[in-house]
Amino acid sequence: ADEAGDTPRGGFKGLYLGRAGVLWALWLLQQQGLATLRLDPLQGLLQADADYAADPDSGQDVPSLFMGRTGIELLLWRVGGSAAVADRLYASVCDNIHNPSGEAYWGAPGTVLAAWHLWQATADARWRALIVDHVDPIWSGWTFDPAAQCHLWTQVLDGVSAQYLGAGHGLAGG
């Protein structure tokens, strides 16, 4: 923030390594009485959202939780509670169900966490249904590999298919 307490612009905007994640952490500290902020986290998240829409971190708008718009939308909902943001978040999670990456940064295992969070917070049946819709696409990437003699996650990152012991950037298999 500058001396006036304005939220900085530029750089990364998302949850994983951007402004939204920092604002979320600051908001949580404030909620727990551990910090007094000179900036409004909701306004900062709204600006991060607008800046992401104008210039996505990866160069293209993606519905990823950690690297795209879903993470920003989740935080906007968490801090502001807007029904319109919840509807946008729902659409983003739906957009990512069949993402071939199969890992939390870009794929459905990450965005289903956003759906789970909303279901836990609201008990709205649409979020539970969305979680159920994720099960088959996520589990379909976990197959038995005869050479490794175990189940491995198959992921496609940047067009390259690879297998991992974990659903993220785990140990390479096969």
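Analyst: Let's start with helix H5, residues 108–122. (The expected span is 1.5 Å times one less than the number of residues.) Helices here are DSSP runs of H or I with at least four residues, strands are runs of E with at least two, and both are numbered from the N terminus.

A quick word on the source: this is a predicted model, where local features need pLDDT of at least 70, side-chain atom pairs count only at pLDDT 80 or more, and totals for chains, interfaces and linings use all residues. Residues are numbered from 1 along each chain as its sequence is written, and side-chain values use heavy atoms, with hydrogens and water left out.

Back to H5. Its buried residues are Ala108, Pro109, Gly110, Thr111, Val112, Ala114, Ala115 and Leu118. "Buried" means under 20% relative accessible area, "exposed" means over 50%, and "partly exposed" is in between (1.4 Å probe, protein chains only). Helices H3 (69–80), H4 (83–95) and H6 (125–139) are among the parts that cover those buried residues; contact here means heavy atoms within 4.5 Å. Just after H5 comes Ala123, with a positive phi of about 60°.

Now compare helix H1, residues 19–31. Arg19, Ala20, Gly21, Leu23 and Trp27 are buried in H1, and their cover includes helix H2 (41–54) and H3. Just after H1, Gly33 has a positive phi of about 75°.

What about charges? Side chains of opposite charge can pair when their charged atoms come close. A salt bridge means a side-chain nitrogen of Lys or Arg within 4 Å of a carboxyl oxygen of Asp or Glu, and by this rule there are nine of them. One joins Arg88 to Asp49, with the closest N and O atoms 2.9 Å apart. Arg88 sits in helix H4 and Asp49 in helix H2, so the pair ties together parts that are 39 residues apart in sequence. Asp49 counts as buried at 13% relative accessibility, while Arg88, at 34%, is partly exposed.

Another salt bridge pairs Lys13 with Asp55, at 3.7 Å between the closest N and O atoms. Lys13 is in the segment before H1 and Asp55 in the loop between H2 and H3, 42 residues apart. Lys13 is buried at 5% relative accessible area, and Asp55 is partly exposed at 48%. Together with Asp57, Lys13 and Asp55 are linked in a network of salt bridges.

Next, the strands. Two strands pair if DSSP finds at least two bridges between them. Strand E1 (residues 142–145) runs antiparallel to strand E2 (residues 150–157), joined by four bridges. Phe144 stands opposite His151, and Thr143 stands opposite Leu152. The hairpin of E1 and E2 has four residues between the strands, and Gln149 takes a positive phi near 60°. Five bridges join E2 to strand E3 (residues 160–164), again antiparallel, with Val156 opposite Ser161. Two residues lie between E2 and E3 in their hairpin, where Asp158 in the turn has a positive phi of about 55°.
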